[in-house]
Structure formats: C-alpha cells, structure tokens
Amino acid sequence: LEELVRAHSDLERLTDELADARERRRTAAQRLIDAGRGTTWIAAQLGVTKQAVDGFVKYKQRNAHAEK
C-alpha cells in the first residue's frame, strides 16, 4: 500500500510540474513569435514539427473558443 500511495503522490506532483512546463513553453514560444521568430525556427530549436509548435502556441485560443 505504501508504494501505491507514493506512486500516486508522484503522479500528482509530476502532473502539476508538466502543466507548469507546458504553460512556460507556450509563454516562451509566444514571446519569441512576438519578437519576430517564426514557428518553423522555434520547431527547429526544439526538434519538433512546425505543426507541434502551432498546436501548443494556439492551445489557449482553442480552449477559449471551446469555453464559449
């Protein structure tokens, strides 16, 4: 039982850390875009596709529309 409780606690902590990291990534990418960098350049720096960058940058816009 102790291992289950520890694992559950770890998952809660890591979920919170992941959410924070995603928000920081969105904010940092948006700042770069506002400074004139393109999503293709950002994608190359991260080793992901342009579509992935578009996806996480536009996440808030999609959620704002979903909440209406």
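Contact here means heavy atoms within 4.5 Å. In this predicted model, that criterion describes how helix α2 (residues 39-46) is covered: what lies over its buried residues includes helix α1 (2-34) and helix α3.

The mean pLDDT of the protein is 93, and 94% of its residues reach 70 or more. Among the elements, α2 has the highest mean pLDDT, 98, whereas helix α4 (residues 59-67) has the lowest, 73. Where pLDDT is low, predicted coordinates should not be read in detail.

The buried residues of α2 are Thr39, Ile42 and Ala43. Viewed down the helix axis, these residues fall within an arc of 100°, so they line one face of α2. The face turned away from this buried side carries the exposed residues Thr40, Ala44 and Gln45. After α2 comes Gly47, which has a positive phi, near 75°.

Helices α2 and α3 pack at an angle of about 105°, and their axes are 8 Å apart. The angle makes α2 roughly perpendicular to α3, because values of 65 to 115 degrees are counted in that class. On the α2 side, the residues that meet α3 are Thr39, Thr40, Ile42, Ala43 and Leu46. Their counterparts in α3 are Lys50, Val53, Asp54 and Phe56. Ala43 touches Val48, Thr49, Lys50 and Val53, when residues up to four places away in sequence are not counted.

The largest nonpolar core has 6 residues, namely Ala29, Ile42, Ala43, Val53, Phe56 and Val57. At least two residues of this core are supplied by each of α2 and α3. Its largest share, 3 residues, comes from α3.

Asp54 lies in α3, which spans residues 50-57. The relative accessible area of Asp54 is 18%, so this residue counts as buried, the limit being under 20%. Apart from neighbours within four places in sequence, Asp54 is in contact with Thr39 and Arg62.

Leaving out residues up to four places away in sequence, Arg26 touches Phe56, Tyr59 and Lys60.

With residues up to four places away in sequence not counted, Leu32 touches Arg37, Trp41 and Ile42. Leu32 and Ile42 are 10 residues apart along the chain, and their C-alpha atoms are separated by 8.0 Å.

Notes
Residues numbered from 1 in each chain as written. Predicted model: local features only at pLDDT ≥ 70, side-chain atom pairs only at ≥ 80, totals over all residues. Heavy atoms only, no water. Helix = DSSP H or I, 4+ residues; strand = E, 2+ residues; numbered from the N terminus. Buried < 20%, exposed > 50% of the residue type's maximum accessible area, 1.4 Å probe, protein only. Arc of directions from axis to C-beta. pLDDT = per-residue confidence, 0-100. Core = buried A, V, L, I, M, F, W, Y, C linked by side-chain atoms within 4.5 Å. Axes fitted to C-alpha atoms, helices over the stretch in contact; angles between N-to-C directions. Parallel < 35°, antiparallel > 145°, perpendicular 65-115°, else oblique.
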